[in-house]
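Notebook open, model loaded. I wanted to look up a few things and jot them down as I went.

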Amino acid sequence: MRQFYSFIKKEFYHVFRDKRTLLILFGLPVVQILLFGYALNSEVKNIDIAIYDQAGNSLSGKLKSLIASSDYFNQQAPILNYKEIENRFKSGSIKCALIIPPQFSVDINKPGGATIQVIADATDPNTATILTNYLTAITSRFKEQLQQTSIKPFTITPNVRLLYNETQNGSLSFIPGVIALIFMIVSTALTSVAVVREKEMGTMEILLVSPFKPIMVLMAKAIPYLILSLINFIIILLLSVLLLNVEIRGSIVLIIFESLLFIITCLSLGLLISNITNSQQTAMLASMMGMMLPTMLLTGFMFPLENMPLIFQVISRVIPSRYYYQIIKSVMLKGLGFSYVWKDTLILAAMAATLLFIALKNFKIRLQ
Amino acid sequence: MKVLGFILRKEFIQIFRDKVILAMMFFMPVMQLIILPLAANFEVKNINLVYVDLDHSSYSMQLIAKIAASGYFIIQDNSLSYNEGLQLIENGKADVLLEIPPHFERDLVRNEKQSVIIAADAINGTKSTLGATYLSSVIADFNAGLDVNFKAVLGSGVSSASTASQLNIDAVNWYNPRAEYKYMMVPGILVLLLTMIGGFITALNIVKEKEMGTIEQINVTPLKKWQFILGKLIPFWIVGMIVFTIGLIVMYLIYGIFPAGSLLLLYLFAAVYLIALLGFGLLISTLADTQLQAMFIAFFFMMIFMLMSGFFTSTDSMPGWARIISNLTPVTHFITVVRLIILKGSNFANVKMELLYLTGFAIALNAMAIYNYRKTS
């Protein structure tokens with residue numbers, strides 16, 4: 001046991017000696033959480049809009065001030081002629097143009113009504129859809145203001161409830177994804193590189209001739225990264241609770257248990273990679289390029305899985321982080337209990353067991 | 001000049017000798033350009049809807065039929081109670097729940113007012129917002145349809161009041177009329193690939209010489225600092241331009257996107273951008289001692305560049321400080337320009353400011369790299 005302890009201590013020295021890797025280990029999670037929490041949001045705001053007001057009277061002025069008062073739009077300098085619209089789009093200075101026709105205040109009281117034209121920059125399709133919706137909402141508010149006196153028959157008011165996320169906190173959906181990504185980096189990439197480095201440096205040979213059991217070598221390699229992953233996990237949780245106001249709804253014990261299970265899966269994967277590769281570069285390519293990209297793409301936290309071609313959806317079923325993401329989302333954000341996630345947990349456990357088994361089988365106690 | 005020629009020859013021999021790196025440089029970008037846009041699709045469609053119809057009247061059924069016909073929703077199930085429907089949301093089987101209260105039709109006719117409940121799984125922000133907006137607009141449409149019926153029944157007295165002011169919106173989507181996501185993603189991915197090649201491979205290449213010890217041999221030769229650096233930059237600049245060309249061809253052949261603007265302008269920007277990035281790669285290589293470190297440092301910055309560049313989410317909705325950081329990365333400017341030229345056909349006058357920024361980055365990054373580079377270890 002004392003040997004084991006000193007071996008783990010050695011492993012920690014390795015980690016703490018390499019300052020640049022430490023930067024990745026603790027810097028990346030913090031930066032990612034902060035970026036996702038503060039800088040990136042799926043909400044569409046501050047859309048640059050320019051208005052070509054051909055009517056130029058008090059009524060169109062009212063509509064303009066209604067648009068200016070909304071947070072969604074940033075009113076740019078008005079457009080003066082048709083040619084200018086295209087130029088403004090091409091220089092990227094506006095995302096949306098609104099054209100108010102000359103007969104606006106006259107037409108509005110005629111049977112057919114007035115028509116205003118909205119031109120949206122659809123190079124970003126979601127923004128285009130959302131801004132058209134915003135403008136529709138604003139014009140219907142404008143209409144209501146005009147006809148306050150008249151009674152509108154048959155109104156169905158939709159009563160919208162935003163479940164689990166009343167404040168529309170954009171960082172919520174990212175946090176489980178970032179946690180999964182971090183485990184993938186720390187547990188898989190760093191572990192695999194750590195073992196292969198010993199092979200490359202030739203120090204593995206020394207370990208193998210020592211009276212230390214091979215399985216213990218693997219365990220001792222894995223445990224420091226298990227601890228580091230847990231520390232990272234706690235940092236992320238603290239950051240998201242304290243800074244990003246994420247509310248943890250489910251049981252914290254269950255969250256930690258599931259995270260441990262996922263870390264073990266990742267560590268097994270890392271050990272497996274390290275056993276079948278011989279150079280740091282291959283190990284790195286396998287774990288960074290081979291694992292990171294599928295994790296980012298196919299977990300479902302950046303891009304919706306159901307939009308992908310069927311083949312990707314099938315592949316995503318063998319990616320452990322997909323299940324972990326589901327579990328954490330259900331438990332942490334929705335506050336559901338174990339009865340909702342037992343199936344995903346079981347799949348994850350089976351994956352961990354299989355990977356660990358293959359990794360142990362492949363561990364060579366002799367050098368070629 | 002002759003010395004530089006020798007150095008260049010050496011670099012090219014090295015590049016073409018390592019088949020793995022060669023494959024990484026040419027094959028991977030093409031594969032990624034083909035695969036990524038398929039996976040990276042933010043388009044919100046197929047919103048799973050569960051409804052709870054507690055009224056079972058003709059109006060409630062009409063409303064549901066209208067929602068089903070709108071094309072945005074897939075009706076997953078109808079549940080008997082709100083709680084039953086909520087379970088489907090908890091399971092992740094449904095995204096949005098619509099509850100039509102009992103006596104919906106009766107109260108609507110009697111009180112002329114009625115409300116329905118829309119509950120959206122708001123963890124996925126975009127989907128829930130769009131789902132709820134779509135649903136609300138379908139309901140508003142349904143409402144308008146009822147208005148017409150109502151007017152027909154009541155005669156002209158009311159109808160003139162309700163048509164008192166009519167305001168229609170005619171919305172047009174420019175540059176991408178069918179609102180397809182590939183137009184946004186493919187040029188963005190092209191930029192990312194160029195960034196990876198420029199940043200990663202240069203950094204790794206120089207650090208490899210450090211790790212192998214061959215840099216010592218170069219250091220003791222009478223080779224000047226600028227010759228060594230140019231010798232490293234020029235080959236990768238050429239490789240980058242070739243990859244960019246291949247990327248444009250793939251973009252045209254597979255996605256049918258052909259640059260709307262001038263190709264010459266596009267290449268001018270790519271050339272300047274590559275110089276900036278190669279400087280960045282060089283800078284990383286001066287900071288790292290091993291390939292592992294170089295890879296990690298490059299990965300760290302690449303992550304920030306990628307997330308801040310407006311590739312995934314629009315930079316407009318970022319808070320002010322984040323937009324400043326975003327403007328301080330060359331990737332942001334190049335993505336903007338590439339999208340402008342390829343999709344909108346912007347001309348030189350439209351984008352001349354961006355060229356100024358990119359030139360600034362190219363000079364600054366290379367100056368820092370050259371300053372940091374030491375011929376002595």
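**Ground rules.** I am working with a predicted model, where local features need pLDDT of at least 70, side-chain atom pairs count only at pLDDT 80 or more, and totals for chains, interfaces and linings use all residues. Residues are numbered from 1 along each chain as its sequence is written, while chains are lettered from A and ligands numbered from 1 in the order in which they are written.

**Chain A, overall.** I looked up the secondary structure and got 14 helices and 5 strands for chain A. Helices (H or I, at least four residues) and strands (E, at least two) are DSSP runs, numbered from the N terminus. Chain A has a radius of gyration of 28 Å, well over the 21 Å that the globule rule gives for 368 residues, so this chain is more spread out than a compact globule. I noted that this radius is taken over C-alpha atoms, and the rule is 2.2 Å times the number of residues to the power 0.38. The C-alpha atoms fill a box of roughly 95 × 45 × 40 Å along the principal axes.

I then checked burial: 43% of the 368 residues of chain A count as buried. Buried means 20 or more other C-beta atoms within 10 Å of the residue's own, exposed means 12 or fewer, and partly exposed is in between, with C-beta atoms placed from the backbone. For contacts (C-beta atoms, placed from the backbone, within 7 Å), I took pairs at least 6 apart in sequence in chain A, and 79% of them join residues at least 24 apart.

**A:Ala189.** I found A:Ala189 in helix H7 (residues 174-201) of chain A. A:Ala189 is buried, with 27 other C-beta atoms within 10 Å. Leaving aside neighbours within four places in sequence, A:Ala189 is in contact with A:Met284, A:Ser287 and A:Met288. I also looked at A:Ile273, which is 84 residues from A:Ala189 in sequence but 8.9 Å away in space, C-alpha to C-alpha.

**Chain B, overall.** Chain B has 15 helices and 5 strands.

**H1(B) with H10(B).** I picked helix H1 (residues 2-17) and helix H10 (residues 225-255) of chain B, whose axes come within 9 Å and cross at roughly 45°. Axes are lines fitted to C-alpha atoms, for helices over the stretch in contact, and angles run from 0 to 180 degrees between N-to-C directions. H1(B) and H10(B) are therefore oblique to each other; under 35 degrees counts as roughly parallel, over 145 as roughly antiparallel, 65 to 115 as roughly perpendicular and the rest as oblique. On the H1(B) side I listed residues including B:Val3, B:Leu4 and B:Ile7, which face an H10(B) set including B:Phe228 and B:Leu230. The residues of this contact divide into 10 nonpolar, 2 polar and 2 charged. Here Ala, Val, Leu, Ile, Met, Phe, Trp, Tyr, Cys and Pro are nonpolar, Asp, Glu, Lys and Arg charged, and the others, Gly among them, polar.

**H14(B) with H15(B).** Last pair: the axes of helix H14 (residues 330-344) and helix H15 (residues 348-372) of chain B come within 10 Å and cross at roughly 150°. That makes H14(B) roughly antiparallel to H15(B). I counted 9 nonpolar, 3 polar and 1 charged residues in the contact of H14(B) with H15(B).

Terms used:
Two residues are in contact if their C-beta atoms, placed from the backbone, lie within 7 Å.
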